[in-house]
Amino acid sequence: MGTLAGRKVIIMQGRVHLYEGFTPRQIVNPIRLMRKLGADKLLLTNASGGINEKFSPGDFMIITDHISDFVPSALIGQNDDSLGIRFPDMSEVYSKRLSGIIKKCGCKK
């Protein structure tokens, strides 16, 4: 936890995955903690672009949609209203505004 360019940030090194034996509820715990600490934006990184041979290590790519029908939902169970509504709006899971900022700041010239 600290500041970056004058903004409060929380940065994690790594994360846990289902294939490591964690449950969906365990996986979302760090994100829920960050929310309770005041975070209202979440930027995730991954290696999804690694299959594109035109990409180099460190290149940015933006996921615009996904299919989430293969793991139990972390929304199952009692809802914690302090974290938000029971069923969040999924019509713009990936913010077009934040994607635009990433494109502007992270793409090669």
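Good morning, everyone. Keep in mind that this model is predicted.

Let's start with the whole chain. The protein has 109 residues, and buried ones make up 5% of them. Its secondary structure comes to two helices and two strands. In what pattern do they come along the sequence? The pattern is β-β-α-α. So much for the order.

Now the dimensions. Along the principal axes, the C-alpha atoms fill a box of roughly 45 × 35 × 30 Å. The protein exposes about 9,800 Å². Carbon and sulfur atoms supply 58% of that area.

Rolling a probe the size of a water molecule over the atoms shows where empty space is left. The second largest pocket holds about 240 Å³ of space. It is lined by 14 residues, and the closest to its centre are I63, T64, D65, E92 and Y94. What kinds of residue make up the lining? Five are nonpolar, five are polar and four are charged.

You will find I27 in helix 1, which covers residues 24-36. Why is I27 called partly exposed? Because its relative accessible area is 23%, and buried means under 20% while exposed means over 50%. Which residues does I27 touch, leaving aside neighbours within four places in sequence? They are V16, H17, L18 and F22. V93 is 66 residues from I27 in sequence. In space, their C-alpha atoms are 18 Å apart.

That's my tour. Thank you.

Key: Residues are numbered from 1 along each chain as its sequence is written. This is a predicted model: local features need pLDDT of at least 70, side-chain atom pairs count only at pLDDT 80 or more; totals for chains, interfaces and linings use all residues. Side-chain values use heavy atoms; hydrogens and water are left out. On a 1 Å grid over the protein atoms alone, a cavity is a set of points where a 1.4 Å probe fits but cannot get out, and a pocket is an open set with protein on both sides within 12 Å along at least five of seven lines; lining residues have an atom within 4 Å of a point. Grid points are joined across faces, edges and corners, and a volume is the space filled by probe spheres set on the points. Ala, Val, Leu, Ile, Met, Phe, Trp, Tyr, Cys and Pro count as nonpolar, Asp, Glu, Lys and Arg as charged, and the others, Gly among them, as polar. Helices (H or I, at least four residues) and strands (E, at least two) are DSSP runs, numbered from the N terminus. Buried means under 20% relative accessible area, exposed over 50%, partly exposed in between (1.4 Å probe, protein chains only). Contact means heavy atoms within 4.5 Å. Accessible areas come from the Shrake-Rupley method with a 1.4 Å probe; for residues, only the protein chains shown count as cover.
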